[in-house]
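Here is a briefing on a protein structure. Look at the sequence and the model first, then read the notes below.

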Amino acid sequence: MMNATNGMPRGVSPTTERFPWQWVFFAPALVGFLVFNYLPTIASFALSFFHWNLLDVPQFLGGQNYERLLQSNAFWQACVSTLQFVSLSSVLELGLAILLALLVHQQTRGKAFFKACYFLPYVTPMVAVSLVFGWLYHPDGGLLNQVLLGLGIIQHPVAWLANPQTSLLAVVSLEVWKTVGYNFLLITATLESLPAEWIEAATLEGASTWQKSTQILLPNLLPTITTVGLLTVIHTLQAFDAVYLLTQGGPQNATAVLVYWIYKNALQFFKVGEASAMAYCLCVLIVGVSLLKWWLEKRRLKEGRV
Amino acid sequence: MNQFIHSLRKLPQPAILIGFVLLTLLPFWAMLVLAFSPFDLSQPLSLLPPHWTAENFQLVHQTIPLAVYACNSFAIAILTTLGSVYVSATAGYALARLPFRYKALWQGLVWLTLMIPPQVNIVPLFILMKQAHLLNTHWAIILPACISGVMVVLYQQWFTSQPVALEESAQLEGASVWQTFWHICFPLSQGLTITLGLLAFINAWNGFLWPLIVLQEDKLKTLPLALAMLKESFRDATNWPLLMAAACLSVLPIILLYAVGQKLLINGLSQGGIKE
């Protein structure tokens, strides 16, 4: 993904030393990063040691927020929901993206069409799409129930979103539908960077699509798959919109992922400290995955396989 | 599972691909069809309505001030696009070309932001906006959205990869750093700028969580917020056709933009390997 910048940055000319142009260029971004990124991140860390309801004077608690968090069932339940959500969506998002990328890559016609089609959901507003999914899964005349009742698979309409056993799957399906296309593009990009002769030669020797995919393309995709997989995990750990819009965390908190809990605690219950502590737990998780990704990419660069 | 893979192997590949195309397009088709379906509680909505009607679109305009929400969304998306491109291009150029003391530090500062999940910042950012009296203004959304670590890094990589010859000759002829950037380097980055600009616009247009938090006043809300509100407003029976008509209208600008910029967006994304 992010290749290291090649070579040393080159300074332009001695005249630049007289007037601090670099700061004219860099200052807006620097101020922005400090005010909108670093200040809030540090403040959030500080807040996680306080009790605060946004109105009264904050009360210092030390590590109590974290202690209470680790002892609360709700937190662990949110972790379990998040884990289920992340693992299910990541596996599906990655698996389908690999399948589609391999097949589209070996397609002679219609490549551009398939790319445009599969990527479309990624740019579509989540709110609009969530309304459609809300209808698809609706117990009363929703499409899924209509189809399954018509086929005789179920006898009575099922409330897919209100059933703890199916609601998570429903949210996952929306998340997967929306993001597969992005992973698909990233994997396609790697496939297109591989020498075309490999596939041509294999085709001449009569290899099937399946053989070409598993024996030539897939082994060369492994580094990309790792990177895209970890990116997907980071992305799904942060999922909020789908949950908020489809199930509001319900039923029985089956879909209440961590980010949803943070939102609820902070802005509905006004437990700012607890929400911050929770956010930092999530942050540690995400930074951990990011570091793993970074370390793997660095090791790969060292081995000379880009 | 093995059996599944086995049967997949036998299927002709275009069939699989087209199957997934249909799955991908199904929600769009459903949105469109429902938007043109008559609202009738006595029979379930289907993907092939008995007759088509455009009255839902009129009804949307009578129910909510859609034009106001659309204007809000447009204002936010356009200002965010312009702002983030300006801030990121200049910062990327500075890091790629201009001399800095402690460059590694500034570089690291930008890179580090890529790792911090935005959720951590939500509460303090909300307090910050409150203190700055920016709550219930569009600036609360636009200003933070103009600052993007990913965009700075991508611009920096792009400018670093370009040859310096052109800039050197421009400077020999007496062009200032700003003139060199604005008249030579920035126009050359057109491809990247369009890709990043499109993405910034789309992200701003689709944004939900942050606008939900900072915009409480009705007349300031964006289209996604209005849609969510409209859905909440139905208590017993949801008027799906009305909702879908509103959804269609909120998706339309993005679809049009995608139709025009799809090729650039997809090529740019697959070449640059943009994350997020």
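A:Glu297 and A:Lys293 sit four residues apart in helix α12 (residues 272–302) of chain A, so about one helical turn separates them. Helices (H or I, at least four residues) and strands (E, at least two) are DSSP runs, numbered from the N terminus. The side chains of A:Glu297 and A:Lys293 meet in a salt bridge, at 3.7 Å from N to O.

This is a predicted model: local features need pLDDT of at least 70, side-chain atom pairs count only at pLDDT 80 or more, and totals for chains, interfaces and linings use all residues. Residues are numbered from 1 along each chain as its sequence is written, chains are lettered from A and ligands numbered from 1 in the order in which they are written, and side-chain values use heavy atoms, with hydrogens and water left out.

**Salt bridges**
- A salt bridge is a side-chain nitrogen of Lys or Arg within 4 Å of a carboxyl oxygen of Asp or Glu.
- Side chains of opposite charge can pair when their charged atoms come close.
- The whole structure has five salt bridges over all chains.
- Between chain A and chain B the count is zero.
- Buried means under 20% relative accessible area, exposed over 50%, and partly exposed in between (1.4 Å probe, protein chains only).

- A:Lys115 forms a salt bridge with A:Glu192, with the closest N and O atoms 3.0 Å apart.
- This pair links distant parts of chain A: A:Lys115 is in helix α4 (residues 111–123) and A:Glu192 is in helix α7 (residues 167–193), 77 residues apart.
- A:Lys115 is buried at 10%, while A:Glu192 is partly exposed at 38%.
- In chain B, B:Arg97 forms a salt bridge with B:Glu167, and their closest N and O atoms are 2.9 Å apart.
- B:Arg97 lies in helix α4 (residues 66–97) of chain B and B:Glu167 in helix α9 (residues 165–172) of chain B, so the pair ties together parts 70 residues apart in sequence.
- Both B:Arg97 and B:Glu167 are buried.

**Chain A as a whole**
- Chain A has twelve helices and two strands.
- Its C-alpha trace spans about 80 × 75 × 30 Å along its principal axes.
- Of its 306 residues, 54% count as buried.

**Where the chains meet**
- In chain A, 94 residues are in contact (heavy atoms within 4.5 Å) with 109 residues of chain B.
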